[in-house]
Amino acid sequence: MSAHPDSVRAKTALLFPPGFVWGAATAAFQVEGATAADGRTDSIWDVFARRPGAIVGGDTGEPGADHYRRYAEDVDLMRRLGLGAYRFSLSWPRIRPDGGTPNPRGLAFYDRLVDKILDAGIEPWATLYHWDLPQTLEDEGGWATRETAFRFAEYAETVVARLGDRVPRWSTLNEPWCAAMLGYARGIHAPGRQEPRAAVAAAHHLLLGHGLAMDVLRRHAPAASSGITLNLYPVSAVDPSSTVDAEAARRIDGLQNRLFLDPVLRGSYPEDLLTDLAPLGIEELLLDGDLATIAAPIDWLGINYYRGYQVAGTPLPGSEPAGADWLGSPDVHFVPDEAAPRTDSGWEVQPSRLTECLLRVHREYRPIPLYITENGASYPDALIGGDVADTDRIAFLDSHLRAAYEAIKAGVDLRGYFYWSLLDNFEWAEGYAKRFGLVHVDYATQRRTPKRSALWYARAISLNGLS
């Protein structure tokens, strides 16, 4: 896993730009474990995981990948792989238990983690919120309540005041679409509510929290580079000439992508989306100054990409109707791409749509540096004789990095790529049933084993490209 000499790098067929950031990502609840250690209290995911049937296998965040206790070993793994950056999230209920007074022991853990990352010559990228709202705040209304945005700003101030002198890159939120729509509309993620109006409120208040946190970052870490991370999925009509299919694509694209891109980058919600969501009270949520707060200038945009969608306005063979997470879209049907291979999660592998996604943001919104902050795949990895021969993941990585390179060639200001995930971990509603990691984790022993994909990725990093 050592670097390759310049002579090898010079012969590399596909070179990324100088300074391109090569990283991997995790999230606190998924990897840390230690859910009751050192003053940490319940998050919404701790409580949701105790609900019978909520999580595959009845799994919980304990033990995760025991990163709370094994972070030094994990940082050494990152160093050996040659990672230039590590994207991690901070646990709100560890830092401000029950959403209240700051917890010195929780903050001390992130002091140790950040210092260890820096000592390894790796750049720390911290995410303030990756879905682990303190349960006490959910009991008070959660993200459906405006007050939670201001409590988030208080938490951000605690974190950034402590770590802002050492963390050069910050993301306010990770995938607010999932937090709002899967958590408050469909109910398959924490907190498990099925309330469409609450989901719309949650989306707006998450964005408001983002804007308030950007103000905190500007005040306490003015030299840092800060942004937000959105999961963006290209949406296309099965038959673009069909009025009903085109309308289905417009609606789903609005809910998935423009609901977040437009207020952050343009300072307004799309007019068509305001019309769509008017019955759910979106305009009642908008107070004077909200959109200006949400549109606070960001230094970069993080894009999490896993797949695209094709949709129809009527049922087709093999199609699936839109679920409750697609607000007001009962007539929309998602149509599978039968030609695409699938991951162990059943997700279609569509690298060309990553290029499409990056180009869309580049062409339709203002110029801004972009980072692929998550991209990865689960496969049924088998540890045999100390080896995980995950050739399917290697193919996934290769194809998506080539797709990213195509976007760069087309003029996109893409500056980095983070694979999801560094470690096998608790995969939300799927529990420990799906493995996304470059590193295999034996949950019984917590032994780490780099997969062949990790070694492949280490070579790509050392070359700054693909051979």
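## Strand 2 and its neighbours

Strand 2 and strand 3 (residues 85-89) pair in the parallel sense over three bridges, where strands are DSSP runs of E with at least two residues, helices are runs of H or I with at least four residues, and both are numbered from the N terminus. Two strands count as paired if DSSP finds at least two bridges between them. Within this pairing, Ala25 stands opposite Arg87 of strand 3. Strand 2 is also joined by five bridges to strand 13 (residues 414-420), and these two run parallel. There, Gly23 has Phe418 as its bridge partner.

A word on the model itself: it is predicted, with local features needing pLDDT of at least 70 and side-chain atom pairs counted only at pLDDT 80 or more, while totals for chains, interfaces and linings use all residues. Residues are numbered from 1 along each chain as its sequence is written, and side-chain values use heavy atoms, with hydrogens and water left out.

## A strand covered on both faces

How many residues of strand 2 are buried? Five of the five (residues 21-25) are, so the strand is largely enclosed by the rest of the structure. Buried here means under 20% relative accessible area, exposed over 50%, and partly exposed in between, with a 1.4 Å probe and protein chains only. In a regular strand, side chains alternate between the two faces of the sheet. In strand 2, Val21, Gly23 and Ala25 are buried on one side, and Trp22 and Ala24 are buried on the other.

## Nonpolar cores

A nonpolar core is a set of buried Ala, Val, Leu, Ile, Met, Phe, Trp, Tyr and Cys residues joined through side-chain atoms within 4.5 Å. The largest one has 150 residues, of which Trp45, Leu90, Leu128, Tyr129, Trp170 and Leu301 touch the most other members. Helix 10 (residues 196-220) gives the most to this core, with twelve residues. A second, separate core has six residues, among them Val21, Ala85, Trp300 and Tyr371.

Let's look at Leu90. Leaving aside residues up to four places away in sequence, Leu90 has contacts (heavy atoms within 4.5 Å) that include Ala28, Tyr110, Leu128, Tyr155 and Trp170.

## Pockets

On a 1 Å grid over the protein atoms alone, a pocket is an open set of points with protein on both sides within 12 Å along at least five of seven lines, a cavity is a set where a 1.4 Å probe fits but cannot get out, and lining residues have an atom within 4 Å of a point. Points are joined across faces, edges and corners, and a volume is the space filled by probe spheres set on them.

The largest pocket holds about 1100 Å³ of space. Of its 41 lining residues, Arg186, Arg307, Tyr309, Ser345 and Trp347 are the closest to its centre. Helix 9 gives the most to this lining, with four residues. The second largest pocket has a volume of about 170 Å³; Pro234, Val235, Asp253, Glu356 and Arg360 are the closest to its centre among 13 lining residues. Helix 15 (351-364) and helix 11 (243-266) each supply at least two residues of that lining, and helix 15 gives the most, with five.

## Enclosed cavities

Helix 9 (176-186) and helix 3 (44-49) each supply at least two lining residues, and helix 9 gives the most, with three.
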